[in-house]
Amino acid sequence: MAASIEAPQASALFLSAFFDELIACGVRDVVVSPGSRSTPLAMVAHASSLNLYVDIDERGAAFFALGLAKASGRPVCMICTSGTAVANYYPAVLEAETSRVPLIVLTGDRPPRLQNLGAPQTCDQLKAYGDHVRHFQQMPLAAAEERDIAFARQMGKTAFAKAVGSPPAFGDRGEPFYGCAGDAGPVHFNFPLDEPLKPDLSVEGLFRAGRSETGFEEPFVAAASSLDARQVQPILAALCNKRTVALVGEGTCFSFAERTALIEWAHRFSLPLLADPLSGLRSSDDELVIDAYDSIFARGEQPPVECVIRFGRYPVSKSCFTSICACGAVGEGARPVQIVVDAVDTRDFNAATDLFVRCEPRAFVEALLAAADGACDGASRASAAEWMAANEAAHARIERIGEAADDVEASYVAKALELAPDGSLVFVANSMSIRLIDAMYLKSEKQLSVLCNRGLNGIDGTVSSALGAAQAYRQTTFVTGDLTMLHDLNALALQRELLEHHGGSEAASIVIVLLNNCGGGIFETLPQKSDDAYFERLFLTPQRVDFGQAARAFGVPHTAVEGVDGFARAYEKALGVPGISMIEVPLALDGVGERFGRYR
């Protein structure tokens, strides 16, 4: 490239080389929040083949990108301007870190000559997210020499590789699924950008400059990991003829193939699979899938346990993991032996891990299946039979209560799960919503994807995350409470973006099921519950928000319903409607804990 190339051309070539490499690696989506300093990034991204979304609120935009990456399994780029915009990404970056969601954060910044001199909208953005990102890169000012273009492309590869981390899981069609797998996570690339900010997109060689002609179709290849026979033998010995259970945590089964492998392993070794609602395993009606485990533990009806194999993080059910850590082996006071299988770390806040097997769940179970030679018949068949009987009894109890009850939170959630179309997404808010899903999502052969921002268990940006995740599906049901909805209400402004720029009449359909008890009902089930005045003021926080008017302000259809039959009619009518629809279920704030407790 000529040394005298003008700055607008240089920024166009430099940034287009960076984006072209990201696209070649596998990035498909970018979420842009408008701003001045990020103009070159936004305009080049818009000119690329990336699927571009615009969200004016950086906080919501980051959670939208997080939801999209979580559901699609691919890294998603986020672009914002300098200053406080960067800080508004922070909550989503924290969630992506702990949930292992690949995000590529691209922030515009003032050039070095304007730093620390009081220039407007300028602050220190170097390592703005500290150790919460997998990688930070301070980019140079854009230039178009051959070495500069080569560097831009190398950074595109680096951004992708650092975001996706170690070898991914693989989908049913052999496609890599990076979201929540391995040590995927957020990365941050900070771009100092000088005026003039508008890039020259007419420059020759846009997106082609420095492109490799070596014949490789993709510049990034991910290999799978495995476990050898020598490493498997101590594990076989630990579970041999023992009362063993497997805790199957969030995201264990990304695909049908992974679910099939896990169930085959369970049958070979007589292992009950205690399936978290986010595990992906409840889309199987197999007898060894124990879906009512929370009810079993809450009532103290669990059979004794001598060995625990845990995949990923601890399950939603607090009763489960507290009981597991407290219970002793048969006739002894010792706690069960605990084996943790995870691609990165133990995620064991109970400090109870005896053996840490660092690999993906599918590699673990396939290695055990390959090593089984008949010397051990597996775990205790009698124990597995006890777990299956306890699960059937819990099912019967839940169904009896459901037949006798109407107009309670659990009834509406159960009906939504019953009517949700096969192959659709159910995105769940935290607090009471995920607990209701855990209680009422009973296993079946219907294929549902169930996602939740469980990394930090927060309510921040949940609506945006649900809308982002919905872009990977034709139909989504979002189950949420009123405080979570209120916390991210402006996400409804995305209605126009989705309908006008992402499908129109073919846009994804998103039905929001709003369980509105006008406050923080979750605290009715927690130790803070009290008859003292502080409880209502500090924890229940009663609200009187007219969500109908709020929805209409954003052009979102809204229906308030009474009774489960009315809800079912409204829900079925909303299915398939392009864009966002809201069904509001009015509920009482008093008695939330008692109503939920019936189902446990």
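I began with the elements: helices (H or I, at least four residues) and strands (E, at least two) are DSSP runs, numbered from the N terminus. I am reading a predicted model, in which local features need pLDDT of at least 70, side-chain atom pairs count only at pLDDT 80 or more, and totals for chains, interfaces and linings use all residues. I number residues from 1 along each chain as its sequence is written, and side-chain values use heavy atoms, with hydrogens and water left out.

**Entry 1: backbone angles**

I looked up Asn 116 in the loop between S4 and strand S5 (135-138). Its phi is near 60°, a positive value in a residue other than glycine. I noted the cover terms here: buried means under 20% relative accessible area, exposed over 50%, partly exposed in between (1.4 Å probe, protein chains only). Asn 116 is exposed, because its relative accessible area is 75%.

I then turned to Arg 347, in the loop between S13 and S14. Phi of Arg 347 is positive too, near 45°. Arg 347 has a relative accessible area of 23%, so I wrote it down as partly exposed.

I also checked the peptide bond from Glu 195 to Pro 196 and found it cis, with omega near 0°. Pro 196 sits in the loop between strand S8 (186-192) and H7.

**Entry 2: salt bridges**

I used this rule: a salt bridge is a side-chain nitrogen of Lys or Arg within 4 Å of a carboxyl oxygen of Asp or Glu. How many salt bridges does the rule give? I got 21.

I picked out Asp 345 and Arg 100, whose side chains meet in a salt bridge at 3.2 Å, N to O. The pair links distant parts of the chain, 245 residues apart. Asp 345 is in the loop between strand S13 (337-342) and strand S14 (355-358), and Arg 100 is in the loop between helix H5 (90-99) and strand S4 (103-109). Is Arg 100 buried or exposed? Arg 100 counts as buried, because its relative accessibility is 5%. Asp 345, at 33%, counts as partly exposed.

Next I took Glu 250 and Arg 313, which form a salt bridge of 2.8 Å, N to O. Glu 250 lies in the loop between strand S9 (244-248) and helix H8 (256-269), and Arg 313 in the loop between strand S12 (307-311) and helix H10 (318-326), so the pair ties together parts 63 residues apart in sequence. I found Glu 250 buried at 17% relative accessibility. Arg 313 is buried at 14%.

My next pair was Asp 438 and Arg 282, with the closest N and O atoms 2.7 Å apart. Asp 438 is in helix H14 (residues 432-440), and Arg 282 is 156 residues away, in the loop between strand S10 (273-275) and strand S11 (289-290). Both Asp 438 and Arg 282 are buried. I also traced a network: salt bridges that share partners join Asp 20, Glu 21, Arg 153, Lys 157 and Arg 211.

**Entry 3: Asp 20**

I placed Asp 20 in helix H1 (residues 7-25). Asp 20 is buried, because its relative accessible area is 12%. Which residues does Asp 20 touch, not counting those up to four places away in sequence? I listed Arg 153, Phe 207 and Arg 211, where contact means heavy atoms within 4.5 Å.

**Entry 4: helix H11**

I looked along helix H11 (residues 361-371) for buried residues, and they include Phe 364, Val 365 and Leu 368. The buried residues of H11 pack against helix H7 (229-239), H8, S12, S13 and S14.
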